[in-house]
Amino acid sequence: MNWLRGALVLVCVSAAACSSNDGPPSEDAGRRDTGSVDAAASDTGAVLDSSPGEDAPSSDDGGAGEDAPSTADAATDSGPGSDAGDGHCDPMDVTEGEPCGPTERPAPRWHWDGNTCAFSPWCRCLGADCEDRYNSEAECERAHSDCAPAGSCRTDAECTSGEAWCEDGACEVCDNSGLVCRIACPEGWSVYRRNGCSPCACAPINDCESDSDCERGECYAGAFCWDWCPPGDPSCCFGNQCSAAGCEDPHPGGCHARGCPRGESCVDRGCASSTCGCSSEGGLWICTDDCGGGTCVADATD
């Protein structure tokens, strides 16, 4: 630990006493200011006999005709929403058939269209899934609660590599401007790649991406991370640092090495240690007493 010679030892019992991490950063955070219809469904299964005479259906059967599915029959156990296997989140095979006649009432039904639960109050329905439609929107939503809307994502890996990355839960066209730009990065920073994309931007260089990259130590996540990145996960961050295992996140070092969260930039003001390490004895952060590490400040807003 030669880097500790001549340094005032600052012992931090918790990460909160050494630094703060106000929020998940984006790809431009941490800048430094230095430098199908198949067949018609049977009319009795989808048509509401709505003649105003004495044979009109009562409200007890949900307004459906004699052979229409009851509430129990149309529950999620019998619909496509009950099976989380292949095709569960695909759009249901339903489309509107012949419009209602003058004395017919449409049945209140909902179906999954691949993105959301859509209202389908049709007297006649065409398609293989007509009888699997739902009696309420809530019933449909419960059955498809695990289906993400088209174009949504939880991580970059769910977006097409080299074309998009995950921002605010959606696959957004990525910035590949770095392929044609020239940019001078601050010392210790470099241009980077994200999900196969190369933005014209700089990020602090990583010591590691996982614990396996650190010899007898732990990979502590930097502060330059994507907005979906779980706290403390170095696989989706830059500015990661290797040190002895056992200390609490976040690493308390300055932003010149670790970067900054979303909406913040790294500046040479205030006081933050340029070098910190985790003590193998007691799991305490030990930092140099210099103020050259750089601190994060909120970006100016228009």
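Guide: Let us begin with Arg 216, which counts as exposed because its relative accessibility is 75%, where exposed means over 50%. Please bear in mind that this is a predicted model.

Visitor: Where is Arg 216 found, and what value is its phi near?

Guide: Arg 216 is in the loop between strand 10 (202–204) and strand 11 (218–220). Its phi is near 50°, a positive value in a residue other than glycine.

Visitor: Which loop holds Asp 168, and is Asp 168 buried or exposed?

Guide: The loop between strand 7 and strand 8 (170–173) holds Asp 168. With a relative accessible area of 64%, Asp 168 is exposed. Phi of Asp 168 is near 55°, again positive in a residue other than glycine.

Visitor: Which residues does Asp 156 touch, leaving aside residues up to four places away in sequence?

Guide: With those residues not counted, Asp 156 touches Trp 165, Cys 166, Arg 194, Asn 195, Trp 226 and Trp 228. For Cys 166 there is a further detail: its backbone nitrogen lies 2.8 Å from a polar atom of the Asp 156 side chain.

Visitor: Let us turn to a glycine. Where is Gly 114 found, and is Gly 114 buried or exposed?

Guide: Gly 114 is found in the loop between strand 4 (110–112) and strand 5 (117–119). Gly 114 counts as buried because its relative accessibility is 15%. To relate sequence to space, consider Pro 91: Gly 114 and Pro 91 are 23 residues apart in sequence, yet 4.1 Å apart from C-alpha to C-alpha.

Visitor: What kind of peptide bond joins Asp 249 and Pro 250?

Guide: The bond joining Asp 249 and Pro 250 is cis, with omega about 5°. Pro 250 is in the loop between strand 14 (241–243) and helix 3 (255–258).

Visitor: How many helices and strands does the protein have, and what percentage of its residues count as buried?

Guide: The protein has 3 helices and 18 strands. Of its 302 residues, 42% count as buried. The accessible surface comes to about 16,000 Å², and 48% of that surface belongs to carbon and sulfur atoms.

Methods. Residues numbered from 1 in each chain as written. Predicted model: local features only at pLDDT ≥ 70, side-chain atom pairs only at ≥ 80, totals over all residues. Heavy atoms only, no water. Helix = DSSP H or I, 4+ residues; strand = E, 2+ residues; numbered from the N terminus. Buried < 20%, exposed > 50% of the residue type's maximum accessible area, 1.4 Å probe, protein only. Polar contact = N/O pair within 3.5 Å; in protein donor to acceptor, adjacent residues only side chain to side chain. Contact = heavy atoms within 4.5 Å. Areas by Shrake-Rupley, 256 points an atom, 1.4 Å probe, with all protein chains shown as cover.
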